Structure formats: structure tokens, C-alpha cells
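Hi everyone, thanks for coming. Please have a look at the sequence and the structure on the screen, and then I'll walk you through a few parts of the chain.

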Amino acid sequence: MSRDHVQPAQSPTATGPGGPADALAGSPAEDPADGSSRGPATGSADAPFLELLARGASADAYEQPVLLARLQGRPPQRIAALEDAKRLALRVRSEMEGRRRREAELSALFETAHDLAGLRDLDAVLQAIVQRARSLLGTDVAYLTLNDPARGDTHMRVTEGSVAAGFQQLRLGMGEGLGGLVAQTARPYVTDDYFKDARFQHTGTIDTGVRDEGLVAILGVPLMIGPQVIGVLFAADRRARVFEREQIALLGSFAALAAAAIDTANLLTETRSALDRLERANEIIRDRSSVIERASDVHDRLAELVLRGGGVHDVAAAVSEILDGTVRFTEAGAVPDAALEASRADGHAVRHGTEWVAAVTAGGELLGALVLRGQPGLDPVDQRTLERAAMVTSLLLLARRSAAEAEQRVRGELLDDLLDARDRDPRLLRERAARLHADLDATHVVLAARLDGGAADADQEAAARRRLWSAASHLAATRHGLAAARDGGTVLLLPLGPRDTATGLALRTAGQLGKAVHEPVTVGASAPVEDLVTRPDAVAAAYTEGQRCLDALRLLGRAGDGAAAEDFGFLGLLLAGDRDIPGFVERTVGQVVAYDERRGTELVRTLDAYFAQGMSPVRTKDALHVHVNTVAQRLERVGRLLGDDWQSPARALEIQLALRLHRLSAAPRR
């Protein structure tokens with residue numbers, strides 16, 4: 001409410017019957033010309049002051065009618081009447097101002113009480129109290145401090161009108177400063193000049209904060225809950241001033257409301273905390289009940305799956321629904337090794353990032369894993385549910401394996417027939433392969449696999465070979481290929497993908513079989529083979545080539561690795577069954593030969609001379625009868641075509657052999 005606003009309809013009776021307003025309204029008026037008295041009229045002495053009261057003019061404006069009468073030379077009686085009317089009008093104005101102020105104070109207290117009744121945010125209520133106290137008392141700053149029992153001091157909670165950051169973050173010890181005096185006595189205290197007042201304890205921290213804020217006059221009233229002082233509400237000015245009793249009482253009323261707000265908030269907090277504890281207890285009870293129900297549900301559903309012949313994916317789907325996540329069965333190679341090995345060693349599900357992994361094992365064999373996604377946090381019961389599902393999965397896999405062993409034997413028999421060149425009727429071979437979901441018209445690679453872990457005795461070695469054959473058969477079935485036990489190891493016939501290589505297939509097969517049997521498995525691969533059903537000896541020759549690669553890997557100490565003949569450079573010529581000399585020459589120096597054919601250059605001739613002269617550019621230029629810079633330029637071009645390491649001993653040996661084979665193959669026939 002505006003400090004100077006007055007409603008015109010209420011101003012004549014603002015002080016009640018018989019008050020100064022009635023005296024003004026009923027005072028005699030004098031004629032401006034002869035000074036004679038007459039009743040209330042337009043020219044009465046109180047008329048201009050009533051108009052000033054009606055429009056809420058400032059106190060200085062009430063001097064104007066008197067000054068104007070003197071300037072106009074009005075009679076003394078007229079001037080005296082105006083002086084009397086002015087005094088009465090100022091009294092009326094003062095009482096009206098007081099009533100407006102009290103009305104505003106009561107309104108502010110009412111609004112604060114209303115805020116307190118609907119308390120939702122304690123900070124907002126305290127901020128509103130401080131703002132209203134500052135506004136109604138007309139001070140520069142208002143602030144509220146609260147005691148902190150945990151730290152044994154007092155801290156600034158809310159400020160309004162403050163400009164100094166240090167003052168807003170002030171913490172002071174108990175009993176220090178004006179607030180300490182208020183807290184000790186539980187009574188309001190006021191100081192006209194803070195720094196000259198010796199009634200309370202001055203400290204450097206408090207004085208610095210007050211000085212930074214520029215405060216001089218400070219009024220403090222206690223915030224009390226019962227007999228306990230919990231804080232202090234302050235109003236302060238940056239100049240000396242005297243606080244009236246009404247202002248002290250008003251600030252005390254605001255302090256009482258602030259204390260009530262804090263007390264109510266504390267009670268609400270305690271109530272909410274108690275309700276939260278009760279809710280948590282209820283949740284625990286509900287969770288325990290739910291755990292028992294879930295465990296019973298898991299047992300019933302998994303037992304039903306086993307009895308009705310469900311599969312691995314049925315188990316995963318049922319557990320996904322129970323655990324409210326996504327469970328899938330994966331092969332051993334698709335799960336991080338560390339998590340899989342930890343689960344296998346402990347026999348429990350383990351957490352890996354946001355996933356849970358439970359190894360599916362049977363005896364010493366790792367069959368795969370159940371992976372749970374979408375539930376990073378599992379309680380012990382849910383964890384045991386996942387582990388129980390992994391156990392059921394292993395039982396189902398073993399049952400499926402028993403049924404699949406017959407199919408594996410059929411696959412082995414078909415591969416044996418291909419290797420031994422029996423039953424060469426293409427139609428029958430295709431029909432037998434189709435029943436096994438294999439396509440013999442596709443491009444395949446023959447892989448020879450063998451265990452390289454030392455067995456303690458013959459029984460253990462036989463068991464390890466059975467595990468290798470089982471793992472190879474499983475891999476062949478998933479890849480639409482064939483597998484058979486042969487020559488103390490295992491042979492696989494796997495289709496070659498459009499972007500795959502024999503080397504890549506050998507490496508992956510060695511890794512997958514090694515993880516499945518937990519021993520190093522070495523794999524040698526043949527070159528890609530086509531037309532399996534029409535070429536009687538194609539599979540047998542490819543198997544011989546794969547065995548040679550396998551033997552070479554073992555002789556080179558590369559146990560547990562996989563490779564094809566093309567990985568051994570010129571040694572591959574000795575290992576490969578078809579002695580692919582043109583292919584070796586093309587892979588080794590084909591780019592140089594092609595460059596000479598396109599550009600008409602002599603890079604091949606320069607390479608021959610360079611190696612013949614002991615890789616000396618000076619002797620090479622003499623042999624070719626060219627400048628040494630020409631030799632250097634040609635060798636630089638060779639490096640760009642063959643790679644920077646073409647002069648390393650191993651590459652140089654292969655390049656020399658390829659050049660000689662190229663020269664022999666290009667020699668004229670007689």
C-alpha cells in the first residue's frame with residue numbers, strides 16, 4: 001500500500017466524531033474582503049486543507065495556503081484562521097498516516113499468517129517475512145539468522161537489501177555481536193550506532209561484515225520456540241536512526257511468525273521423516289513378500305518348461321518376464337572373457353557394466369552364458385533366479401546335445417564320404433547335405449583342428465578329443481557346415497562368407513574352439529574350395545593342405561593359432577596342395593609387373609639387378625648403365641608399390657624368389 005495514498009470518501013471522518021476533522025469542517029470562515037465570519041462556504045479557511053487531505057499531499061504543501069494569503073495581503077484574522085486550519089489538517093494527516101501504517105502492518109501480518117497456514121516452502125515464507133519487515137519499517141536492510149547446534153554457531157539464513165557477499169555468508173559464534181546479546185537475554189535490543197555501542201561483544205569477523213554492508217543503526221528481536229531462542233530477526237539502516245516502540249513491536253510480531261514457521265516446518269519434517277520410515281518398512285515387507293512369490297513363480301515356471309520340453313529361448317523369455325529385463329542366451333565367444341570366467345569360477349552371476357552374466361556350464365565345458373540387460377541392480381533373490389535359469393539352460397542344452405549327437409554323426413559320415421571319395425553321386429550328396437542345412441555348391445574351406453594342451457593320461461586325452469569334436473560339431477551345425485573326428489583331431493568343412501578369408505575363418509575357429517574346450521586349439525585352413533560334389537578329390541586335397549598348415553604352425557611354436565597357406569609367404573608354396581605359383585608371384589611383385597606393363601618402365605629389371613649387385617645402388621647403376629639418380633627414383637617407385645618394408649630380410653627373400661619364378665615362367669619355351 002502506498003504510504004501517501006488516502007481514500008477521499010473516508011478522509012472527512014477519518015478521526016471519528018468530534019475529532020480534528022469535525023473541528024475543521026465546523027470552524028467559522030471569514031470573508032476575504034472584510035474578515036467577517038460566515039458559515040462553511042467556498043471561501044472558508046479549511047477548504048484548501050480539506051482538498052490537500054483529499055489528494056494525500058505532502059506535509060510541505062500545507063504551508064502554501066498560508067504563504068499565498070500573506071503574499072496577497074490578507075487580513076491577520078484570515079491568516080490566523082488559516083494557521084489554525086493548517087495545524088488541524090496536519091493533525092488529521094498525521095493520524096490518517098498512522099492509521100494507514102497500522103493498516104499496512106496488520107495486512108502484512110495477516111498475509112504472513114496466511115503464508116504460514118499454507119506452508120509449503122520454508123525459505124519462501126522466511127524471505128517474505130524479511131521483505132515485509134524491511135518494507136514496513138522502512139529500513140535499508142533486513143535479515144534473519146538461525147542457530148546451528150551442530151556447529152555451535154549462528155549463520156545467516158535470509159537477507160533482503162544486502163549488497164555485500166561477505167555479510168550474506170557471515171557466521172558468528174554464540175553470544176557475539178548484537179545478535180548474541182538478543183539471544184542471551186531473549187529480549188529485543190536496538191542500537192543507534194553499532195560501532196559506538198559497548199553493550200555487546202564486538203568481534204573482528206562481525207564488525208568487518210557490518211562495515212562492508214555499511215550498517216549503522218540495528219534492531220534485533222529474538223525468534224523463540226517456547227523458552228528457547230532459535231535465531232534473531234534484524235532490521236538495519238545505513239544511517240543513524242531511532243526505532244520507535246511500534247516498530248520494535250512490529251518486528252517482534254514478524255519474529256514470532258518466523259519462529260512459528262520454522263517450528264511448523266520442523267514438525268512437518270519430523271512427520272514426513274516418520275512417514276518415510278514407515279513407508280520404507282512397508283516397502284521392505286512388500287518386497288519380502290514379493291521375493292517369496294517370485295521365487296515360487298520361478299520354480300513353477302522353470303519346472304513346467306522342463307516338463308513340456310521347452311527350449312533355451314523359452315527359459316530366457318520366462319526369466320526376462322520375471323526379472324523385468326531382457327535375458328538372452330549367447331555363445332561363449334560373444335561375452336567378455338573376464339565376466340564369463342568369473343561367473344564360471346564362482347558359480348554365480350556377476351555384473352559386467354550394466355549387464356549381468358551367468359555362465360552356462362556342464363562339467364568342465366563352457367556352453368555359453370545367460371546375459372541380463374535392463375536391470376543393473378539385482379537383489380540376491382533375483383541373482384539366484386538368474387543362476388537357477390543358467391542351470392536349467394545347461395540341462396536343456398545337454399538334452400538337446402544328446403538329441404543332436406545323432407545328427408552330428410550323420411554330418412561326420414557325410415564329411416567322411418567327401419574325404420574318402422565314396423558315394424560320388426552329386427544328387428545324393430546334395431540331398432544328404434540339404435537335410436543337414438548345408439549347401440555343397442557354395443565355396444567352402446577345409447580346416448584341420450587339433451588340441452595342443454598336454455594331457456596327463458590317455459583317458460584325459462580321449463575326453464579332451466571328445467570335447468573338441470563336440471565343440472566342432474556344434475560350431476559346424478551353427479555355421480551350416482560339417483565336422484568329423486579324424487587323425488587324432490577334428491576336420492571341419494565350413495562355408496566361406498563373401499567378405500571372409502581362409503585366414504580369418506581359421507583364426508576365428510581356433511579362438512571359438514579354444515574357448516569352448518578351455519585348451520589351445522591350433523587350426524590350419526586350406527585355400528577356398530569350390531565344386532565339392534563334382535570334383536572327387538577336392539575335399540581330400542584341401543584337407544591335406546590344411547594339415548600341412550597345421551603342422552607348420554605347430555613346428556613354428558604357434559600353438560592355439562590359426563592360419564592358411566597364404567599366410568606363410570613362399571613357404572605356402574610348399575604347404576599348398578596345388579602349388580599356386582602364379583598366385584604367389586601376383587601377391588608378391590604383381591604390382592611392379594603391372595606397372596611396367598602399363599608404363600613401359602623397367603622396374604622389374606632394376607629389381608633383378610639391385611638384388612644381383614648385393615642391394616648396392618652404385619653397382620646397380622653400373623650394371624644397368626644408368627645414372628645413380630635413376631636407380632634411386634626407380635627404387636623409390638618400387639617402395640611406393642610394395643610398401644616401406646620391401647627391403648626387410650623376409651620381404652626381400654620373398655621378392656627375390658617371386659622375381660625368379662616370374663622370370664622362369666616368362667622364359668620362352670623350346
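**A walk through the chain**

Let's begin with the surface: the chain exposes about 34700 Å², and carbon and sulfur atoms supply 52% of that. Areas like this come from the Shrake-Rupley method with a 1.4 Å probe, and for residues only the protein chains shown count as cover.

Two quick notes on how to read everything. This is a predicted model, so local features need pLDDT of at least 70 and side-chain atom pairs count only at pLDDT 80 or more, while totals for chains, interfaces and linings use all residues. Residues are numbered from 1 along each chain as its sequence is written, and side-chain values use heavy atoms, with hydrogens and water left out.

Now the overall picture. The chain has 22 helices and 17 strands; these are DSSP runs numbered from the N terminus, with helices being H or I of at least four residues and strands being E of at least two. Of the 670 residues, 44% are buried. Here, buried means under 20% relative accessible area, exposed means over 50%, and partly exposed is in between, using a 1.4 Å probe and protein chains only. If we take contacts (heavy atoms within 4.5 Å) between residues at least 6 apart in sequence, 61% join residues at least 24 apart.

Let's zoom in on one residue, L122. You'll find L122 in helix α5, residues 122–137. Is L122 buried or exposed? L122 is buried, because its relative accessible area is 18%. Leaving out residues up to four places away in sequence, L122 touches R157, A261, I262 and A265. Also, L122 and N266 are 144 residues apart in sequence, yet their C-alpha atoms are 9.5 Å apart in space.

Next, charges. How many salt bridges does a search of the whole structure find? The search finds 27, where a salt bridge is a side-chain nitrogen of Lys or Arg within 4 Å of a carboxyl oxygen of Asp or Glu.

Take R171 and D153, whose side chains meet in a salt bridge at 2.9 Å, N to O. This pair links distant parts of the chain: R171 sits in strand β5 (residues 171–173) and D153 in strand β4 (residues 153–160), 18 residues apart. R171 is partly exposed at 29% relative accessible area, whereas D153 is buried at 10%.

Another salt bridge joins D193 and K196, at 3.9 Å, N to O. D193 counts as partly exposed at 25%, and K196 is exposed at 71%.

A further one pairs E602 with R634, their closest N and O atoms being 3.9 Å apart. E602 lies in the loop between α18 (581–599) and α19 (603–612) and R634 in helix α21 (residues 628–642), so this pair ties together parts 32 residues apart in sequence. E602 itself is partly exposed, at 35%.

Finally, let's look at two helices. The axes of α19 and α20 (residues 617–624) are 9 Å apart, and the helices pack at an angle of about 125 degrees. That makes α19 oblique to α20. Axes are lines fitted to C-alpha atoms, for helices over the stretch in contact, and angles run from 0 to 180 degrees between N-to-C directions. Under 35 degrees counts as roughly parallel, over 145 as roughly antiparallel, 65 to 115 as roughly perpendicular, and the rest as oblique. Which residues meet here? R605, T606, A609 and Y610 in α19 meet P617, T620 and L624 in α20.
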